[in-house]
Amino acid sequence: MKAAKVVNGMNRVNRMKIAVVGGDGIGKEVVPAALQVLDVLSLDIEKVPVEVGYGKWKRTGRAITEDDFDLFRSCDCIFFGAITTPPDPDYKSVLVQIRREFDLYANIRPVKGMGGGKNINFTIVRENTEGMYSGVEQVFPDAVHSTRVITRKGSERIAEYACLLASGDRGGSGGWGGDRRKHLKRLTIVHKANILQSCRLFREVCIGVADRRGIPWEDMLVDATAHRLVLDPERFELIVTTNLFGDILSDMAAALIGGLGLCASANIGENYALFEPVHGSAPDIAGKGLANPIAAILSLAMMLKWCGRAEESDAVHDAVSRVTAAGIVTPDFGGRCSTMEVAEAVAAAIEER
Ligand code: NAD
Ligand code: IPM
Ligand code: MN
């Protein structure tokens, strides 16, 4: 890891060295497309390709090796496409292993509508290292116990991160998403504390942190949140929640704004980060040039922001807005363009500026 301590990101990395993982399926298409956009920014960036994932596992029996981790450690951060994770007991999710190894505890998922219609603009802050992803499981012949681990420390730090975003220290709740909201009205703490003791701890800790930080909050059960997200998404600004709830709600939220092809994410730790689209390897459309590259391009914009390149990050957002407004979009978003055509249009829009 070369970068200085980057609590919550946004420090300036002068010569960036990024590990690039295409991965599997459409990851291999959206990553090269996004890199075309990066290239026109003429930044001093060294790209280190790293092959990990299901394809590698099938070929070599290992999805990720210690050498791959060493390569990651030699870089400032990771730009990641997607990796297939089969429901095979012998296969361990590469992404979960990376999140754990680098303690990438905050998963930031901005959800911002593009074009007309509803004014949807909120961010999901998902705890990224514990909960149902603890890895603590006991397998018996006729039962499996998966342990949901929620700790005070894990809940405190994710609540602190959410409050930082809420207070505008990182550009406001929309700061990661390319625009700024001046005053946050409300942080929504999402849980299932009516049933789960673990959620009682999460809720209590989040409320304590929000009170201490002077952030207005409400709390909401996760099932009710799913319902209200569909009925009235405009009411939400910033959601903080546990790992699996955040996973599920973020795919649902993507559907509110036009699909997974539009949603970016940042996995943030104390001094390392990984940037990736929210979507997976999409085997149903892989290899056909149909994948929407916007989620990957906006993930790149999040990476630039984390590296202290806010101007370039804004330029990418601006270009994406212009290109989508011009109807240069892939079929999932109602268009006829290919993955590369969209990326080339975004690159050209940056150059025009
Ligand atoms: P998925 O996100 O890959 O696809 C869900 C649906 O959304 C599919 O119909 C797909 O065609 C569509 N879609 C996704 N991204 C799109 C894009 N950029 N443009 C247009 N359409 C897009 O979810 P899945 O099918 O449930 O999972 C496939 C594999 O990916 C699984 O093995 C899963 O474990 C893995 N996965 C990986 C990641 C990751 O690496 N970050 C994330 C989620 C799922
Ligand atoms: C995501 C994905 C991952 C998750 C999988 C692939 C491990 O669905 O990033 O949303 O469950 O966190
Ligand atoms: Mn997911």
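Before the contacts themselves, one term: a polar contact here is a pair of N or O atoms within 3.5 Å. Please also bear in mind that this is a predicted model.

I begin with R109, where a polar side-chain atom lies 2.9 Å from an oxygen atom of ligand 2. For D247, the corresponding distance between a side-chain N or O atom and an oxygen atom of ligand 2 is 2.8 Å. Taken alone, ligand 2 exposes 320 Å², of which the protein buries 77%.

Let me now widen the view to the shell. The residues surrounding ligand 2 are S93, L95, V96, R99, R109, R126, Y133, D247 and E276. Sorted by class, they comprise 5 charged, 3 nonpolar and 1 polar residues. Helix 4, spanning residues 94-101, supplies the largest share of this shell, with 3 residues.

The chain is assigned a domain 1, made up of 1-104 + 269-348, and a domain 2, covering 113-258. Taken over C-alpha atoms, the centres of domain 1 and domain 2 are 23 Å apart. Why is ligand 2 said to lie between the domains? Domain 1 and domain 2 both give residues to the shell around ligand 2, and therefore the ligand lies between them.

Key:
Residues are numbered from 1 along each chain as its sequence is written. Chains are lettered from A and ligands numbered from 1 in the order in which they are written. This is a predicted model: local features need pLDDT of at least 70, side-chain atom pairs count only at pLDDT 80 or more; totals for chains, interfaces and linings use all residues. Side-chain values use heavy atoms; hydrogens and water are left out. A residue is near a molecule or strand if one of its heavy atoms lies within 4 Å of it. A polar contact is a pair of N or O atoms within 3.5 Å; within protein, one must be able to donate a hydrogen and the other to accept it, and residues adjacent in sequence count only if both atoms are side-chain atoms. Accessible areas come from the Shrake-Rupley method with a 1.4 Å probe; for residues, only the protein chains shown count as cover. Helices (H or I, at least four residues) and strands (E, at least two) are DSSP runs, numbered from the N terminus. Ala, Val, Leu, Ile, Met, Phe, Trp, Tyr, Cys and Pro count as nonpolar, Asp, Glu, Lys and Arg as charged, and the others, Gly among them, as polar. Domain bounds come from an automatic or database domain assignment.
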